[in-house]
Structure formats: C-alpha cells, structure tokens
Amino acid sequence: MPSDQWPLLYFIRHGQTDWNKEQRFQGQRDIPLNDFGRAQAVQNGKTLCAALKDQGTDPVSLDWYASPLGRTKETMQLVRSQFDNDLPSVTYDERLKEISFGILEGALLSEMAKDFPNEFAARNKSKWDHLPPEGENYEMLIARLSAFGAQLTKPSVVVSHGGVARALRHYLAGTARAELDNWPAPQDKVMQFCGGKFEQFGG
C-alpha cells in the first residue's frame, strides 16, 4: 500500500523485557514483559486514552491490531485496561512481528564483535541494510508492513516492536535511514503517524 494512503495510526511499542534490559537481540523470540515493561504498558494506555480524548476521537471507532508475540499481546491488554469503554476486539497479525535477527537472536550486543565479527561489521556499516543469516533486513520488513497497511480502512491502534516503529518512521514519515540507525524506539511513549508526519506523546 502506498505510504500516503495509510490512515492515522497510534503506535505503541511493547514494554521492556529482560532481554531488552540486557541488550540481547530479541527479534521474533517470544520473550515476556518484565515488571517495568508492564508499568510502561499501563502508562502508555493512560497516555493513549488522554490523547484520544484531547483529539476528540472515540476509541470504539478505531481498529485495534497487535503482533501475536506474547510481549505485544500483554502490552495491548494492559493498554486497553486503562479504558472504560467496551473496545472492539484485537486482531493479531503475523506481519506485525518484529524484524527477524536470525542467528543473532539471543546474543548479547556487547559480545557481538567477538562472537559474530562479520555480522558486527555489516551492522555497524548500516543497521538498515544488514541482513543476518536466517533473518531479515528492513526492506523485507517494510514489504510485509506494506501488505498489512493495504487492509487498513480507518484509524487504528497498533502495538508492535521497535524495528517496526523504525520501519514505519521511514516508510510513513520519510525519516532518513541513517538517522534511524541510531534511533532507540521508545517503550514509554505513544507514537502517531498521520499525513506523513510523526509525533510522540507521553514518557
């Protein structure tokens, strides 16, 4: 789907996991939230609720989507728990999974240079272009996100992952790839994509 045809998105990255805290490559491994991550998800729910109220948007009018991994499911549940409304059901979509890091999943970032020197060099050159063995690069991720976007018909809430946030900032808001190489997608903010613009709330 062309990027300029996407409807308004409210995007939330899942809360912190122990692997996030340890700086391990997580990718599509199903790692649960930790207590700090659960608190982040609750706060993001409050932030989203306030943002929708400020913008005059009825949460019942939105579609709700999430990655099917456990950390995103729990984040979505905690976000929705902050609303008094009976909200529409959540659609869990495989295309919203995190970018796959392939053989790097589970590895510590601090040990990458020693354990995976070739991958370390390639990733340092460009996180965007890096294609780890058995994994994906960002162009592959954008291809599946574009297919997801083709089904969207109205403003939506999406709970997904850091790599997905990075891909959407490039694809929907035109942020340069080089800038996104060093952007730590926040776990304590609600992001908004609308009309080629990117905003953040909360945190």
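Predicted model: local features only at pLDDT ≥ 70, side-chain atom pairs only at ≥ 80, totals over all residues.
**Helix α6**

I began with the length of α6 (138–149). Its twelve residues should span 16 Å at 1.5 Å a residue, and the end C-alpha atoms are 16 Å apart, which agrees. The expected span here is 1.5 Å times one less than the number of residues. Helices (H or I, at least four residues) and strands (E, at least two) are DSSP runs, numbered from the N terminus.

Residues are numbered from 1 along each chain as its sequence is written, and side-chain values use heavy atoms, with hydrogens and water left out.

Next I looked up burial in α6. Tyr138, Leu141, Ile142, Arg144, Leu145, Ser146, Phe148 and Gly149 are buried, meaning under 20% relative accessible area, with exposed over 50% and partly exposed in between (1.4 Å probe, protein chains only). Their cover includes β2, β4 and α7; contact means heavy atoms within 4.5 Å.

**Helix α7 and its packing on α6**

How do α6 and α7 pack, at what angle and how far apart are their axes? I found an angle of about 80° and axes 10 Å apart. Axes are lines fitted to C-alpha atoms, for helices over the stretch in contact, and angles run from 0 to 180 degrees between N-to-C directions. The two helices α6 and α7 are therefore roughly perpendicular; the classes are under 35 degrees for roughly parallel, over 145 for roughly antiparallel, 65 to 115 for roughly perpendicular, and oblique for the rest.

On the α6 side, I see Tyr138, Leu141, Ile142, Leu145 and Ser146 meeting residues of α7, among them Gly163, Val164 and Leu168.

I checked α7 (162–173) for length too: its twelve residues reach 16 Å from first C-alpha to last, close to the 16 Å expected. Nine of those twelve residues are buried, including Gly162, Arg166, Arg169 and Leu172. Among the elements covering them are β1, β4 (156–160), α8 (177–181) and β5. Just after α7, I noted that glycine 174 takes a positive phi of about 75°.

**Cores**

Which residues of the largest nonpolar core touch the most other members? Of its 29 residues, they are Leu9, Phe11 and Leu168. A nonpolar core is a set of buried Ala, Val, Leu, Ile, Met, Phe, Trp, Tyr and Cys residues joined through side-chain atoms within 4.5 Å. β1 (9–13), α6, α7 and β5 (190–194) are the elements giving two or more residues to this core. I also found a second, separate core of 16 residues, which includes Ile12, Leu52, Leu87 and Val190.

I then followed phenylalanine 11. Beyond its neighbours within four places in sequence, its contacts include Val158, Val164, Leu168, Val190, Met191 and Phe193.

**The sheet**

I traced six strands in an open sheet, ordered β3-β2-β4-β1-β5-β6, with mixed pairing. Two strands pair if DSSP finds at least two bridges between them. β3 (90–92) and β6 stand at the edges with a single partner strand each, so one side of each lacks a neighbour in the sheet. Neighbouring strands are turned by 25° against each other on average, direction ignored.

Two helices pack on this sheet. Helix α2 (residues 35–54) touches β1, β2 (63–66), β4, β5 and β6, and its direction makes about 165° with that of β1. Helix α3 (residues 70–80) touches β1, β2, β3 and β4, at about 135° to the direction of β4.

At the β6 end, I found five bridges joining β5 to antiparallel β6 (residues 197–201). Methionine 191 has glutamine 200 as its bridge partner, and valine 190 has phenylalanine 201. β5 and β6 form a hairpin with two residues between them, and glycine 195 in the turn has a positive phi of about 60°.

I looked at tryptophan 6, in the segment before β1. Tryptophan 6 counts as buried, at 9% relative accessibility. Its C-alpha is 9.2 Å from that of glycine 196, 190 residues apart along the chain.

Most residues other than glycine have a negative phi, and I noted two exceptions here. Glutamine 23 has a positive phi of about 60°; it lies in the loop between α1 (18–22) and α2 and is exposed at 52%. Glutamate 134 has a phi near 70°, sits in the loop between α5 (117–125) and α6, and is exposed at 71%.
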